[in-house]
Amino acid sequence: MITLPCGVAVGDLNNDSQLDIIITNANSHTVSVFLGYSNGSFANQTTYSTGAYPFGLAVSDFNNDTRLDIIVANRGNNTVSVLLGYGNGSFANQAIYSAGITPYYVAIGDFNNDTRQDIVVTNSDNNTVSVLLGYGNGSFANREAYSTGTYPDRVVVADFNNDTCLDIVVTNFDDNTISILLGYGDGSFAMQKTYFTGDKPIGLAVGDFNNDTRLDIVVSNAGNNTIGVLLGYDNGSFASQKTYSTGAYPYALAVSDFNNDTWPDIVVANRNDHTVGVLLHYDRGAMKNEITFTPSVGAHLTCVAVSDFNNDSVLDIVIANYGSNNLRVSLGYGNGTFGNGMIFSTGLKSQPYSVAINDFNRDGQVDIAVVNRGTKSLSTFLGERNGTFESQTNYSTSFDFAPLVVGVGDFNSDGHSEIVVAYDDTDNLDVFVIYDIGDFSHRTTYSNDPGPTSVVFGDFNNDTRLDMVVTTIYYNNVIVYLGCGNGSFANQTTYLVGNKPYSVAVGDFNNDAKSDIVVTNYLDNTVSVLLGYGNGSFATQKISSAGYYPYWVAIGDFNNDSRLDIVVANNDSNCVTVFLGYGNGSFASQVNYSTGSRSFSVAVGDFNNDSRLDIVVANFDNDSISVFLGYGNGSFERQVKYSTGTTPTFVAVSDVNNDSRLDIVVTNRDNNTVSVFLGYDNGSFANQMTYSAGFMPFYVAVGDLNNDTRLDIVTNNFRNNTTLSSPIMALTM
């Protein structure tokens, strides 16, 4: 008779420190025990009777006598058999317990925290799992059934939400899902939550694949020859699977570190082409190790931007160092890493604060403009083709007040960029129009309300001339300046918004080809939308509730309906808020996505090249960024977090290594660094690479500063030995 061996398990059954083997024999209704010798060979089998058609099995100590016992799932008579071990490799006759219809696989754990082993069994023909709580003497209570998906197969037990209570995961072969049943710690479980897998999921294992101390799941998808990895969140939920190709019909799999790099790898048995495949893991699926550069002492980073300074088609970084009175330019190598940097002095006690990037002298090279708080001056550094810059001495101009904000745009349509500067001790804005090449010594001052916090440019009256809008926190206004096309601006027009407006963005929210404005109102937990008439004026604000202390706003079409939507980072509700637009200037009620931290900034991009916009958020309190991949219907997957430096404040998105994949740049305020996360086209990112900056970097911008087709980075270094309460934005155009 063909015995048809099915399940296999190992354990030291006779306490000789040698592993032994147990196998279920479906056609002979037995288990076979092979005791192991120290030379790797085994004794002849000893068989023990089970129920009908035994299949899955497991080994543990069910009666607390320190001797291993065996449990077997019997498919043919809907039972489990328990064989108690004597500690010498032999076993007592089976004890049988009802286990539901067609018990298939079995797993073991302490589900009610009584230090006694319990059992969970998959019931493939009635779409349930059965839980049998152990009494600690080798016997078990009657089963409790919990619903699963269709045709539950493999089962694994682990703590997925870090609450010290064991949970259950099951593969559902016929509906291409896994079921997660979170345990309450008293032996009962929550209703299942299902996640999609590939076709015909069979094999199942768990491991921490991204080193975030949260368990992840790997599934073999037999129907489409892949494995799927589902990264876990700390609340017991999981991201959508990321798939990797295998051989034909991957059936069973296991997880271990096969190359001694401390990362878990995966081995899979491919049934139909009779092979075994090993998938070696490097960082988060395809990640490189972090590279760290030591920051300069006392640099006190305040601003960072990205551009290509040396025309080599690789992005470089520029950082303003408030404490050491200089700029640091780090040239990129094209693989996402950067050189240590060249230092350019901004002058004694200059305290460079905010930077902007543009080609000011139209020589095809990117230049840098920097405002210096200490010397109350504006300096420009004209770029050379090799990534170096001329001395700033020739292009300095003095202010009456300490500058806070610098922005760039071509306001008079002459092909030259002008610079706009705001200050913290006056109610004025200055616009500097270029006269001689690279010279911004001539300026025009525009009256403004106290407390300007952000400035954005747009064409508000459809005359092809740039206009600007400024948020001012003390009078709860936004101020619009219409451009005259010659570098000057008409008198301001003021529009009332909410309490303490902070961030502003411009877009067409009602699809009338006219620019509109959206503003975050920090103290009354709202956003204001002002619809534009196309003549430079705006309708009265429409207000929508946001999270607590909405700080930063970004826009994008998150549900691919050709209508702009809004996302807001909230400083005190540990979430980001998404408002889907109706295309008429109004928005659906807010939907919040948890970040687990106060969030200062948010940015938007397509990180996995699926033509659906995704979101990245800087998490101020827990030194991380959160990435939310979009489904394209306006909803998002749960966050995946990546560690940053200390106190990340501002995040920007661009392709810094020219691989056509979006990357992320973050300023880390409290350890004076900038983090770069290189993106993969599946929506995941490499571990951070950190670069020195000045003291307290706050904002970051990215651009090609030297026309070498490589993006460079510029940041602002906010303040020396102070705490930020109302950070001011440095924009580049």
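Predicted model: local features only at pLDDT ≥ 70, side-chain atom pairs only at ≥ 80, totals over all residues.
Residues are numbered from 1 along each chain as its sequence is written. Local features need pLDDT of at least 70 and side-chain atom pairs 80 or more, while totals for chains, interfaces and linings use all residues; side-chain values use heavy atoms, without hydrogens and water.

Select residues 5-11, strand S1 (a strand is a DSSP run of E, at least two residues, numbered from the N terminus). S1 belongs to an open, antiparallel sheet with the order S1-S2-S3-S4; strands pair if DSSP finds at least two bridges between them. S1 and S4 (46-49) are the edges, each with a single partner strand, so one side of each has no neighbour in the sheet.

S1, S5, S9, S13, S17 and S21 each supply at least two residues of the lining.

Now select Tyr-495 and Phe-538. Their ring centres are 5.6 Å apart and their planes at 80°, so the pair is edge-to-face (ring centres within 6.5 Å make a pair; planes under 30 degrees apart are stacked, over 60 edge-to-face, the rest tilted). Tyr-495 is buried at 12% relative accessible area, and Phe-538 is buried at 6% (buried is under 20%, exposed over 50%, partly exposed in between, with a 1.4 Å probe and protein chains only).

Note on methods:
Helix = DSSP H or I, 4+ residues; strand = E, 2+ residues; numbered from the N terminus. Phe/Tyr/Trp six-rings, centres within 6.5 Å; stacked < 30°, edge-to-face > 60°.
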